[in-house]
Amino acid sequence: MTGTNSISESFTAYLTANEGADPFPIFDRMREEAPALWSEPLQAWVLTRWDDITAMLEGGDRFGPLMNQPGTSSIFGRAILQMSGDEHRRKDAIIAKRLRSPRHLGSTIEEIVSGLVHEYGDRLPVAPETADLRRGLTEPVPLGAIAELMDMGEAGNFRSWYNDIVAAGTSNVTRDPVVHARGEAARDELFAFVTPGIEQRRTCPGDELLSDLCSMEYEGERLSDDEVRSFTAFLLSAGIETTDRALANLVKHLILEPEQWQRLKDDPNLVSSAVTEILRYRPPVHVTIRMAKHDNEVAGVTIPGGSKVVAFVSSANHDPSRFDNPEVFDVGRFVGEERPNYTPIGPVRAFGGGPHTCTGSLLAKLEMERTLEYLLDRFDHFEFAGDVPPDTGIVLRSPTSLHVMLHANN
Ligand code: HEM
């Protein structure tokens, strides 16, 4: 058996075991021995090195969006990830104008996020009761923020639509047709829910993101209703589970490594660095997907045009060519160097790279920092209520739930 075969088998074993299996040791081997690996179950080429992944994300002429396949973000219809060139730049700018503007971030968005953190945080039960931290805090904060930013309120079924749509997107690595069909049904219900709001904002726009989408013009034409619906579904999905899982990873590792929690208690100036570090060390999004536009040579292997390419950004974040001691969780690692990591120029690949780098990264940063500050301010320490929850998921990865005992400050 060749070394590459055994790596291939180990990687397949990881994909199928999933529950609790640690991907980082196999990523170490793949970066060393097979940095561009064909995966039969994924029907895709898998990249694991920082340099190759960054080049793929930056190389819009070589790699483009993967359209209209189960197991991709095309479940939302044609949204921002499926666009390129000038159209992508202009349409992304509309979202960025609201989500990345220092004026909005420093006022309206700050107020919304801080309000939500306090609203939900203050309701958390303290020890000896058990708090469900994902349900009680890390999910409702980003969910409430995006719903308010789009002035959508929260529809009764919102959580289940959103769960089904997310499951049928890039998380559906095995392209399960049942999961896909459930996602399409949920998307159609969500589309029906937002349609009257779109009609209303076409005639009477307000000062929020959904109105921006309804009013913007590209080449003299407004976005079609279909496009606004797709953008809306994508934003709702992109902005909630990601931040929710990132916060779950942060709390889990601060419980596992109490000396890192103590460093933060002693010096709250480390908050911003700690948030950046968890996004490197245990990013909630492990994978970005593209299609090779033509034959491309990557790490000595020819990837044929038309192939699906799966880039493990989580592996890039542990590439020793970029990060010293990548397996160490160090809340002080990024002090003074946090900000570039929320843009394409920083080394952390948690938000992707190149032109499609996450537009909501600064919103996620704010949500995570305010939540961590709140926890530090209010609690002396936490512990797991029961066993350590394992990380699950291949595309989105974190503990599925986080039941903890919160010990308030004396
Ligand atoms: C910790 C939280 C988050 C993480 C780790 C994350 C991660 C990512 C990644 C990896 C991509 C690139 C996907 C690709 O290139 O295929 C992306 C794109 C995107 N994200 Fe996020 N995201 C987060 C939060 C958010 C939030 C809060 C929003 C907004 C509400 C958001 C909106 C977007 C948008 C609009 C794109 C598409 C950008 C484009 O195509 O130009 N994300 N995100």
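Predicted model: local features only at pLDDT ≥ 70, side-chain atom pairs only at ≥ 80, totals over all residues.
Aspartate 132 stands opposite histidine 403, a residue of strand E14.

Helix H13 is made up of residues 241-256, with lysine 252 among them. Is lysine 252 buried or exposed? The relative accessibility of lysine 252 is 6%, and because residues under 20% are classed as buried, lysine 252 counts as buried. Leaving aside neighbours within four places in sequence, the contacts of lysine 252 are Phe384, Val388, Pro389, Pro390, Asp391, Pro399 and Leu402.

Another helix to look at is H8. Nine of the ten residues of H8 are buried, so this helix is largely enclosed by the rest of the structure. The buried residues are Pro140, Val141, Pro142, Leu143, Gly144, Ala145, Ile146, Ala147 and Leu149. After H8 comes aspartate 151, which has a positive phi, near 50°.

Which helix does H8 meet through Val141, Pro142, Ala145 and Leu149? These residues meet Leu363, Glu367 and Thr371 in H17. By class, the contact of H8 with H17 has five nonpolar residues, one polar and one charged. An α-helix has 3.6 residues a turn, so residues three or four places apart point the same way. On the H8 side, Val141, Ala145 and Leu149 are among the residues in the contact, and on the H17 side the contact includes Leu363 and Glu367.

The geometry of this pair remains. Two packed helices are described by the angle between their axes and the distance between the axes. For helix H8 (residues 140-149) and helix H17 (residues 361-378), the axes come within 11 Å and cross at roughly 135°. That angle makes H8 oblique to H17. The crossing of H8 and H17 is right-handed.

How values were computed: Residues numbered from 1 in each chain as written. Heavy atoms only, no water. Axes fitted to C-alpha atoms, helices over the stretch in contact; angles between N-to-C directions. Helix = DSSP H or I, 4+ residues; strand = E, 2+ residues; numbered from the N terminus. Parallel < 35°, antiparallel > 145°, perpendicular 65-115°, else oblique. Left-handed = near helix turned anticlockwise from the far one by under 90°. Contact = heavy atoms within 4.5 Å. Nonpolar A, V, L, I, M, F, W, Y, C, P; charged D, E, K, R; others polar. Buried < 20%, exposed > 50% of the residue type's maximum accessible area, 1.4 Å probe, protein only. Pairing = 2+ DSSP bridges.
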